Amino acid sequence: MKRNWPKVAAFSLMVALLAISSLVRPSAAAEDYTAQINKIHSDYVKALEIIRNNYVLPVEYEVLTKAAIQGMLRTLDPHSNFYDRKAFEEMRTEQRSQYFGIGATIGPRDGKVYILEPFKNTPAARAGLRYGDQIIEIDGKKTDRWSSDQVRNALRGERGTKVKVTVQRAGVADPITVTIERDAVALPAVSDYYLIRPGVGYIVMPRGFHSTTSDELTVAIAELKEKGATSLILDLRDNPGGFLDQAIKVADKFLQRGQTVLSIRGREDRSLNRDLPAESGSPETLPLVVLINGQSASASEIVAGAIQDHDRGLIVGETSFGKGLVQTIFPLPGGAGLTLTTARYYTPSGRLIQRDYSNGSFYDYISRRNAQGDKAATPPPRNDQKQTDLGRTVFGGGGIEPDIKVESSDSLTLTQRLLYHGLFLFVRELTAGSIATAPPQFKLNGIEFDHQLKPNEFLITDEILKAYKDFMAEFLRKRPEYGLTLQAVEENLAWARKQIRQEVLWAAYGQETMRRAMADLDLQLQRAIEELPNAAQLAERARRNRSAQRN
């Protein structure tokens with residue numbers, strides 16, 4: 001039977017509208033409300049038919065419906081969103097700490113998409129893909145005009161299915177084609193942990209709060225303590241958040257039983273409104289510093305805010321993103337779904353985490369630009385002043401402000417962002433053995449997993465920097481749109497020396513090993529180490545304060 005697509009599309013919109021209206025509709029008479037819904041249904045079907053029959057180019061009902069629902073949700077807030085079937089399944093899969101695909105980090109560089117790192121024990125690693133491989137075809141389709149999201153979506157798929165990937169490798173004349181069988185790819189929340197100094201445990205959590213986050217953190221802390229850790233640094237930089245229950249469980253590991261982790265406030269007639277306390281009877285008492293930055297959001301802000309408000313540890317880094325809206329997931333017919341904001345998060349002291357989104361576009365909000373387009377130029381408001389347990393002043397309405405502010409050593413200027421495209425291509429040639437003046441160890445034959453770092457690996461000599469300058473002269477000649485000259489290259493040579501080594505280490509050993517090698521240059525991390533004695537003193541003062549209040 002032929003399906004009536006305008007009505008099918010309208011049905012999807014109506015289900016979404018009903019999900020939203022169940023939470024936000026006004027208290028009107030039932031018959032008036034039903035009449036409004038029926039009119040919307042009728043108008044939408046008519047609009048779909050007019051567009052489909054008269055628009056200058058062919059259009060699909062499903063595309064129009066997706067745009068209509070997304071547009072409707074965007075009028076509410078930046079975080080309510082609609083997902084088609086494939087995107088919704090990917091979201092749910094990743095929340096289980098895995099996805100199905102080839103297992104590699106990819107990224108755009110100079111208008112093309114490259115493999116940046118194959119993960120250990122994944123189809124990509126077994127197929128021999130490596131840093132710098134330019135993806136030029138997927139299943140016979142050329143990717144020269146594809147975005148990195150399009151490439152990623154094409155590489156992912158159902159477990160056991162196959163995908164044919166063609167790459168152009170530096171130093172190899174002919175393209176290389178491999179057929180890869182997709183498999184489950186683990187996405188552990190704790191990407192790395194080790195003793196960064198004697199007695200100092202360092203735990204890296206950049207990937208979000210997935211279903212296994214709390215269990216992974218428990219294992220990491222236990223192993224670090226066995227190795228002699230007497231203090232901890234929890235790195236939540238770039239962590240976009242995730243499951244609320246996992247945020248509570250993570251904070252619960254460090255807070256005393258009964259201490260509030262966060263408060264949830266929605267509409268007065270909803271059961272969502274509640275305070276969520278810590279329940280652990282034996283929390284970790286090690287001195288603690290939490291690292292955050294402008295991409296730390298949602299669940300990571302909940303953890304940082306709870307630690308800060310209860311004076312359990314110190315927060316170091318940059319002001320967090322400011323995402324304090326609670327989303328409820330609503331499955332829709334056909335496998336689609338939407339996430340709808342149903343409440344707001346507040347820290348234990350009563351601070352609202354969410355920053356203002358009433359001015360500016362969605363792009364400005366996500367990229368943290370103000371209405372004038374200046375990146376992170378607007379300071380958090382000072383009208384929501386609260387106090388921690390010990391009476392320290394903190395502010396709400398603009399994310400979590402760190403106790404010790406330290407600018408990132410990885411922040412790039414606009415000039416450096418443009419130069420980076422050429423620098424990446426230079427490293428691609430360097431690791432392929434195509435730079436004649438480079439020492440032979442710079443020629444790599446793929447990634448080496450579980451490498452034990454040795455001192456001063458892949459130091460960038462003046463000869464390599466000279467080769468880089470020669471390479472950039474030709475690169476900039478071909479990119480007049482960048483508006484840069486060799487003077488810009490000369491002025492950023494110190495940055496380039498560090499960045500080239502970082503990229504080579506990434507190509508040779510993977511991102512986590514690279515981070516270990518570059519840790520001494522991470523200004524925020526080094527300050528976190530320095531602040532551990534102060535974090536210990538703060539936690540001890542908070543403990544004595546609680547004891548005095550009980551007595």
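## Exercises: a sheet and its helices

In β21, I404 is the bridge partner of V316. Keep in mind that this is a predicted model.

**Exercise 1.** Find the strands at the edges of the open sheet, and say why one side of each has no neighbour.

*Solution.* First, write down the order of the six strands: β10-β11-β12-β15-β16-β21, with mixed pairing. Now check the ends: β10 (192-197) and β21 (404-405) each have a single partner strand, so one side of each is left without a neighbour in the sheet.

**Exercise 2.** Describe how helix α9 sits against the sheet and against helix α8.

*Solution.* Take the sheet to begin with. Helix α9 (residues 299-309) lies across β12 (231-235), β15 (288-292) and β16, and runs at about 140° to β15. Then turn to α8 (residues 244-252): α8 and α9 pack at an angle of about 25°, their axes 9 Å apart. Angles under 35 degrees count as roughly parallel, so that's what we call this pair. On the α8 side, L244, A247, V250 and A251 make the contact; α9 brings A299, I302, V303 and A306. Their crossing is right-handed.

**Exercise 3.** Check whether the span of helix α14 agrees with its 17 residues.

*Solution.* At 1.5 Å a residue, α14 (residues 493-509) should span 24 Å. Its end C-alpha atoms are 24 Å apart, which agrees. While you're there, notice that 15 of its 17 residues are buried, and that G510, with a positive phi near 100°, follows α14.

Key: Residues are numbered from 1 along each chain as its sequence is written. This is a predicted model: local features need pLDDT of at least 70, side-chain atom pairs count only at pLDDT 80 or more; totals for chains, interfaces and linings use all residues. Side-chain values use heavy atoms; hydrogens and water are left out. Two strands pair if DSSP finds at least two bridges between them. Helices (H or I, at least four residues) and strands (E, at least two) are DSSP runs, numbered from the N terminus. Contact means heavy atoms within 4.5 Å. Axes are lines fitted to C-alpha atoms, for helices over the stretch in contact, and angles run from 0 to 180 degrees between N-to-C directions. The expected span of a helix is 1.5 Å times one less than its number of residues. Buried means under 20% relative accessible area, exposed over 50%, partly exposed in between (1.4 Å probe, protein chains only). Angles under 35 degrees count as roughly parallel, over 145 as roughly antiparallel, 65 to 115 as roughly perpendicular and the rest as oblique. A crossing is left-handed if the near helix is turned anticlockwise from the far one by less than a right angle, and right-handed if clockwise.
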